[in-house]
Amino acid sequence: GGVPDIVLYQCEPCPFCNKVRAFLDFHNLPYRVIEVDPLSKPELKFSAYKKVPIALINSAQVNGSSAIIAAAAVAADLPAAFHPPPETP
């Protein structure tokens, strides 16, 4: 529990990145932002997955906004109401 260490790889205009930031800000969860170049994406060379948002939550990689929000909620011990249901593909 406690405050998770969160690094968010994002592109500023991306609506899914904005969704993650809104969730983290609403819950006062601190995070570091790494802005990703949308064309060359050198910041994502560590990752086989090449779409933002990607987060490192306590050093574990989480891909996609819904998964990031769910993992952040669990890592921060937020009430279960904030754990979003899994999305159907």
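Visitor: At about what angle to β1 does helix α1 run?
Guide: Helices (H or I, at least four residues) and strands (E, at least two) are DSSP runs, numbered from the N terminus. Helix α1, residues 15–26, lies across β1 and β2. Axes are lines fitted to C-alpha atoms, for helices over the stretch in contact (heavy atoms within 4.5 Å), and angles run from 0 to 180 degrees between N-to-C directions. The angle of α1 to β1 is about 155 degrees.

Visitor: What kind of model is this, and what is left out of the side-chain values?
Guide: It is a predicted model: local features need pLDDT of at least 70, side-chain atom pairs count only at pLDDT 80 or more, and totals for chains, interfaces and linings use all residues. Residues are numbered from 1 along each chain as its sequence is written, and side-chain values use heavy atoms, leaving out hydrogens and water.

Visitor: At about what angle to β3 does helix α2 run?
Guide: Helix α2 spans residues 65–75. It lies across β1, β3 and β4. Its angle to β3 is about 15 degrees.

Visitor: Which strands stand at the edges of the sheet?
Guide: Two strands pair if DSSP finds at least two bridges between them. The sheet is open, with mixed pairing and the order β2-β1-β3-β4. An edge strand has a single partner, so one of its sides is left without a neighbour in the sheet. That applies to β2 (32–35) and β4 (60–63).

Visitor: What is the average twist from one strand to the next?
Guide: The sheet has four strands in the order β2-β1-β3-β4. From one strand to the next, the twist averages 20 degrees.

Visitor: Does β1 run parallel or antiparallel to β3?
Guide: Strands of a sheet pair through backbone hydrogen bonds, either parallel or antiparallel. With β2, strand β1 has four bridges, and the two run parallel. With β3 (residues 54–57), β1 (residues 6–10) also has four bridges. Here the direction is antiparallel.

Visitor: Which residue of β2 stands opposite Y9?
Guide: On the β3 side, V7 faces L56. Y9 stands opposite I54 in β3. In β2, the residue opposite Y9 is I34.

Visitor: How many residues of β1 are buried?
Guide: Buried means under 20% relative accessible area, exposed over 50%, partly exposed in between (1.4 Å probe, protein chains only). One face of β1 holds I6, L8 and Q10, the other V7 and Y9, and all of these are buried. The buried count for β1 is five of five.

Visitor: What are the plane angle and the geometry of the aromatic pair?
Guide: Rings of Phe, Tyr and Trp (its six-membered ring) pair if their centres lie within 6.5 Å; planes under 30 degrees apart count as stacked, over 60 as edge-to-face and the rest as tilted. A search of the whole structure gives one aromatic pair. Y9 and F46 have ring centres 5.0 Å apart, with 50 degrees between the planes, and the pair is tilted.

Visitor: How far apart in sequence are the parts that Y9 and F46 tie together?
Guide: Y9 is in strand β1, and F46 is in the loop between β2 and β3. Y9 is buried at 9% relative accessible area, while F46 is partly exposed at 39%. The pair therefore ties together parts separated in sequence by 37 residues.

Visitor: How far from the sulfur of C14 is the nearest cysteine sulfur?
Guide: A disulfide is a pair of cysteine sulfur atoms within 2.5 Å, and the whole structure has zero. C14 is therefore in no disulfide by that cut-off. The nearest cysteine sulfur belongs to C17, at 3.0 Å.

Visitor: What relative accessible area does Q10 have?
Guide: Q10 lies in strand β1. Leaving out residues up to four places away in sequence, Q10 touches C17, R21, V33, I34, E35, V36 and V52. Q10 is buried, at 1%.
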